[in-house]
Amino acid sequence: MKKAAEEGRKLAIAEGNIENGVPYITVVVDGGWAKRSYGHGYSSMSGDLTNLPYHIFGSHDSCRDVVCTRKLNNEENLVGLLQEDHLFEEIQKCVDNVVRKADWLQKTVTTNYAERYMSLITKFSGGKRVNYTTGGSYQRRCVGAALAYNLGPSWHLALMNKLHLNKFCKRREQLRLQKIESRKKLKARRRQPQNTVSDLHYGPNAQDALPDLPEEFKSNMAKKLAELTKEAGNSVEIERQTTGQHVNPLWLW
Ligand SMILES: [Zn+2]
């Protein structure tokens, strides 16, 4: 590291890159560029960039010696000519776009708005762990990320206390209420029994049990029971009449 620093110092001195007695080198990084100047040359970058159109078209009055190597070339100054047709103004507008980002370039801060926006969305969508692509969920999260960035993290709390902000919100609210209403109806319909005809074989409306035997059997049974009861009173006589059992014809009968 020390060796590399020494090497850099020698290179800087050889190129004449010395500011306030401290050598510096210019570093080119990934399309952007930043000057590492040990904390004393940051403010000069935007100045150099603003002066760039003048330098290109031959006016080196404001060029710093460490930046400009064309001061002694006796170039023709075309700035006045360009200013007559307002063309120079247009060129300056293009350069302004870079000048505004000079601080970011120096500190190697990204100027990629798309990447920055994606990082905000990732906070709202939880990366790729959950599928939010259905029902417009992802779109709402994108809008939410942008609003949270522009208006602060509590922007939604202020909106919650306001009634319908515009036609869109009103329509959304109507749809939401309609959905709740239809769900209630669906639930009520599900609670009702599907078959309104009562079951004859089960439940409180079931029919009375059918008699196992015909009615005449009951009367015959009663008649027979009466006969038997009557005969039971003559048990002594029956016993005498059937003496001998199997040899007695009455016993078998
Ligand atoms: Zn110059």
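The zinc ion is held by four protein donors, His55 (ND1), His60 (ND1), Cys63 (SG) and Cys68 (SG), at 2.0 to 2.3 Å. Donors here are N, O and S atoms within 2.8 Å of the metal (3.2 Å for Na, K and Ca), and water is not among the atoms, so sites may look incomplete. This is a predicted model, in which local features need pLDDT of at least 70, side-chain atom pairs count only at pLDDT 80 or more, and totals for chains, interfaces and linings use all residues. Residues are numbered from 1 along each chain as its sequence is written, and side-chain values use heavy atoms, with hydrogens and water left out.

Along the sequence, the zinc donors follow the spacing H-x4-H-x2-C-x4-C. The angles among the four donor atoms run from 101 to 120°, making the site tetrahedral (four donors with all angles between 85 and 135 degrees). For comparison, the ideal angle for four tetrahedral donors is 109.5 degrees.

Here is how some residues sit relative to the surface; buried means under 20% relative accessible area, exposed over 50%, and partly exposed in between (1.4 Å probe, protein chains only).

| Residue | Relative accessible area | Class |
|---|---|---|
| His55 | 13% | buried |
| Cys63 | 8% | buried |
| Gln245 | 46% | partly exposed |

Gln245 also has a positive phi, near 50°, and lies in the loop between helix 11 (235-241) and helix 12 (249-252). Helices (H or I, at least four residues) are DSSP runs, numbered from the N terminus. His86, with a positive phi of about 60°, is in the loop between helix 3 (79-84) and helix 4 (87-99). Most residues other than glycine have a negative phi.

Note on methods. Four donors count as tetrahedral if all angles lie between 85 and 135 degrees; four count as square planar and six as octahedral if opposite donors are over 155 degrees apart and all others between 65 and 115; anything else is irregular. Helices (H or I, at least four residues) and strands (E, at least two) are DSSP runs, numbered from the N terminus.
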